[in-house]
Amino acid sequence: MSTRRPIWTRVREASSSALLRAGSVGLPIVIALSWLLVPAGQGAQAAGSPPHIMVVMMENTSYEAVVGNPAMPFLNGLVASNGSVSTTDLSHPSLPNYLGLISGSIQNNPPDTTPQDGTYAGPQLTDELAAAGISWKAYMEDMPIPCDLTDQFGPGHYDVNHNPFMYFDSVRKNPAQCSRDVPYPQLAADLAAGTAPAFAFVSPNTINDMHDGSAAQGDQFLKGLVGQVRASSWWTAASRMIITWDEGAGSEQVLTLVVGSAHGTAVRAGNEYGTLRGIEEAYGVGLLGHSADGNVGELLPLLTGRAAAPPPPARAPNPAPPPVPSPQPAPPPDRSRAEGSLPDSYVRGVYGKDSSPTGFTEIASLGFNTVMTDPYKERLDPLSAAGLKGIVWLGAWHNAPACKFESDDATIRSQVSPIAGHKAILAYYLGDEPKVSECRNAPALFKQRSALVHSLDPTGQTFTVLQAFENGISNDYAPWAGTVDILGFDVYPCARAASSCDLTNIDTAIAAIHKAKITRYLAVVQDFQDCYYRLPTAPELASQFNHWADSSMSGYLVFSWNYQSANAACAGTNLHDHPANLAQLKYENSQTFLPANPAASTRPAGRGSLLTAGREVVGVALPIAAIIAALGAYVFLVLVRAKRRRLRALSRQPVEQPPVRPSELDVVSGRGDVDEPR
């Protein structure tokens, strides 16, 4: 279970259960033939026998917190001598990642429930293996008895959330299969007797998997396990141990280490569905759910030393989620927002990820040009290819009592230097919602952090978001002028306690922004719900954009494509399930806001820029009559613009949409816990 929710990123993906793609008669033949082709150097399993693969699931630690960690010398020795890859987790908290790893679907992205709260029909990986006659067992540390159907968080440090097989009826309702889910000490007995299965899955207890224990404790457990396995007859030159983590805590990237593979083996990075795919391909069974998708990664070279063949037509991916319905013809545009063209730098962004394999395909189809991302080249390159920009998360800011950044300067150097100058980077996100009321030195620390980033990437911009209300203080923006390159302002007007949204909060914030002489900023538009806020309707969403249109913003960020409250009792949101709001966002993204006036002003740029342009054209040398005529034209344009704004507000109605199939994959992306008034 996650102890901290990173900003933007918690993933929920949709998947219908895939049918097994081969029967019990044909699969053993396929497997036998495929393993006759293994190069002699790989050797060691008996001819025709399936490979030996063991998966070891660790917990809640990002790639950068493992690789290079001096508290984990054994693990890092394995990294230096074996093949590995950085893998993207699927969701938060733990359970959906385990479900996705063995079934190709995160199964509606449940919280950390027990099987008593609900199970899934399947199929999942061990169903495929059993149908193919391939032996398997799952070894669960601190589980009291085989096939424990009491489904507890205990005894000891056992956690049923880390035992995904017990969530599938195909296991728990089949005694022959359920008896293969056993307490961890059975592994030592099986290895000693030479009866360990072809496929083994190991879940340490919550101390040894680093969920509640330290990095050093996790390292010691792995040292003992790897030594025990390597000393057994189960271990051959072709055997593999996959050591991986369910989810990240600082970033969404986790280490996937394949013990027994050659260091430096070329492999295509992906997500945990790609890990499942590699195992399925190694055993020659069908591809389940999202493991059949084309861009989930390629682990097979680390498991067999052979490149993965393109999947045959019979292994076609599951049908993609239906596209977002096209909105009905939009209302006539407000000409104050549609005249001229915007620079490429105008931001139309959103927090979170959609359910597509890329995480942004559906988002981009609605006209968004900016998404949240992590500080890794493999995450930025796909954005460049798609013509998108990313705001790169560099770790959290902690308010009182800590009043410090999550990441130290050395970490920032290690994150920024490898990606400096990447064309997909819009800005570096230095931390979220610092509060001057709690940390008086926060502006100075953000300014220092901004200078550090500039020294590493002279072309890079820095960014953070400020709340409208903090500890009884509202719109205290002046201390933040000049601290970072771009500020974001989240003003969430739609609360559960009120039947209507208080849009005057946006107007008040705009006035305070201009009073503070802040000229480069992004509006953060509410399109989420939690315990305190409710989801805006499409007309209320439109009203937020109308009010922000009277500012000199450099763009906007919508929060959030998907957000789940830290309080499980409060429903979150996946915008894929709200077609009217999606249609409204697509319309807003099609509109053109007048560019901001670069000079600090207390007047919104949409109005002030016309007057500025008039001054440049008229000049002091023009006759008085020309000046009067120009002023008259300006007044006329202002009146026309006001009339059109009133007409637009009256005519702009939410677009009625046919229902969209609810997505099984609701991507959770939060900037900390939002369940408090802003």
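In the predicted model, helix α14 passes helix α15 in a right-handed crossing, a term applied when the near helix is turned clockwise from the far one by less than a right angle. Residues are numbered from 1 along each chain as its sequence is written. Because the model is predicted, local features need pLDDT of at least 70 and side-chain atom pairs count only at pLDDT 80 or more, while totals for chains, interfaces and linings use all residues; side-chain values use heavy atoms, without hydrogens and water.

Two packed helices are described by the angle between their axes and the distance between the axes. Helix α14 spans residues 409-416 and helix α15 spans residues 442-456; the angle between them is about 35°, and their axes lie 10 Å apart. Axes are lines fitted to C-alpha atoms, for helices over the stretch in contact, with angles running from 0 to 180 degrees between N-to-C directions. Helices (H or I, at least four residues) and strands (E, at least two) are DSSP runs, numbered from the N terminus. On the α14 side, the contact (heavy atoms within 4.5 Å) involves D409, I412, R413 and V416, which meet R449, L452, V453 and L456 of α15. By class, this contact of α14 with α15 holds five nonpolar, three charged and no polar residues.

Three disulfides are found in a search of the whole structure, a disulfide being a pair of cysteine sulfur atoms within 2.5 Å. One of them joins C403 and C439, with sulfur atoms 2.1 Å apart; the link is left-handed, with -80° about the S-S bond. C403 counts as buried because its relative accessibility is 15%, and C439 because its relative accessibility is 1%; buried means under 20% relative accessible area, with a 1.4 Å probe and protein chains only.

C147 and C178 form another disulfide, in which the sulfur atoms are 1.9 Å apart. This link of C147 and C178 is right-handed, with 90° about the S-S bond. Distant parts of the chain are linked here: C147 lies in the loop between β3 (136-140) and α6 (169-172), and C178 lies in helix α7 (residues 175-178), 31 residues apart. C178 is buried, at 1% relative accessibility.

C494 and C501 also form a disulfide, their sulfur atoms being 2.0 Å apart. The torsion about the S-S bond of C494 and C501 is about 105°, and the disulfide is therefore right-handed. Both C494 and C501 are buried.

Conventions: Ala, Val, Leu, Ile, Met, Phe, Trp, Tyr, Cys and Pro count as nonpolar, Asp, Glu, Lys and Arg as charged, and the others, Gly among them, as polar. Buried means under 20% relative accessible area, exposed over 50%, partly exposed in between (1.4 Å probe, protein chains only).
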